[in-house]
Amino acid sequence: MKNVTRRNALQITAGLLAIAVVPLPLSAADTAMEEIEQFTGGSEASESGKISLEMPEIAENGNTVPLTVSVDSPMSGDDYVKRVMVLADANPRPGVATFHFSPKSGVAEASTRMRLARTQNVIAVAEMSDGSFHMAKATVKVTIGGCGG
């Protein structure tokens, strides 16, 4: 066995401490859940069916996947959708878009296109004017990835 000097012991100890202190990177799904928690302020989001998430079940190309999200709401002065956040839980950056609404919007609906890295869940979370949150999920199978994979 090799003689360990005090300098070697300190270097080894410092290296082990650095490894122990450095946080491990979060997976994209963990990051998506953190973003939802931040969006809702820790409140539970109900899967009540108030949100409709229209997307293809199979996307031949992940570079441009159509998405329409709508929320069943009267959009009146005291009962309306404030905002809707859309996430893709396996993308390197899960947050796709946040749409803001008011009673003057008339309807709570938005359409866009998004990039998906691979087959994954797309999640929409709506914040209502009464402080409640509603969520919908859709799984999209991607045959050609859009975010580098």
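The largest pocket in this structure holds about 160 Å³ of space. The model is a predicted one, in which local features need pLDDT of at least 70, side-chain atom pairs count only at pLDDT 80 or more, and totals for chains, interfaces and linings use all residues. Residues are numbered from 1 along each chain as its sequence is written, and side-chain values use heavy atoms, with hydrogens and water left out.

A pocket here is an open set of points on a 1 Å grid where a 1.4 Å probe fits, with protein on both sides within 12 Å along at least five of seven lines; lining residues have an atom within 4 Å of a point. The lining consists of M33, I36, E37, T40, G42, S43, E44, A45 and M135. Helix α2 (residues 28–40) supplies the largest share, four residues. By class, the lining has four nonpolar, three polar and two charged residues, with Gly counted as polar.

I turn to the sheet. Three strands form an open sheet in the order β2-β4-β7, paired antiparallel; strands are DSSP runs of E, at least two residues long, and two of them pair if DSSP finds at least two bridges between them. β2 (51–54) and β7 (108–114) are the edge strands, each with a single partner, so one side of each has no neighbour in the sheet. Between β2 and β4 (residues 65–71) there are four bridges, and L53 has V69 in β4 as its bridge partner.

Lastly, S73 sits in the loop between β4 and β5 (81–88). S73 counts as buried because its relative accessibility is 14%, the limit being under 20% with a 1.4 Å probe and protein chains only. Its side chain reaches the backbone nitrogen of M75 at 3.2 Å.

How values were computed: Grid points are joined across faces, edges and corners, and a volume is the space filled by probe spheres set on the points. Buried means under 20% relative accessible area, exposed over 50%, partly exposed in between (1.4 Å probe, protein chains only). A polar contact is a pair of N or O atoms within 3.5 Å; within protein, one must be able to donate a hydrogen and the other to accept it, and residues adjacent in sequence count only if both atoms are side-chain atoms.
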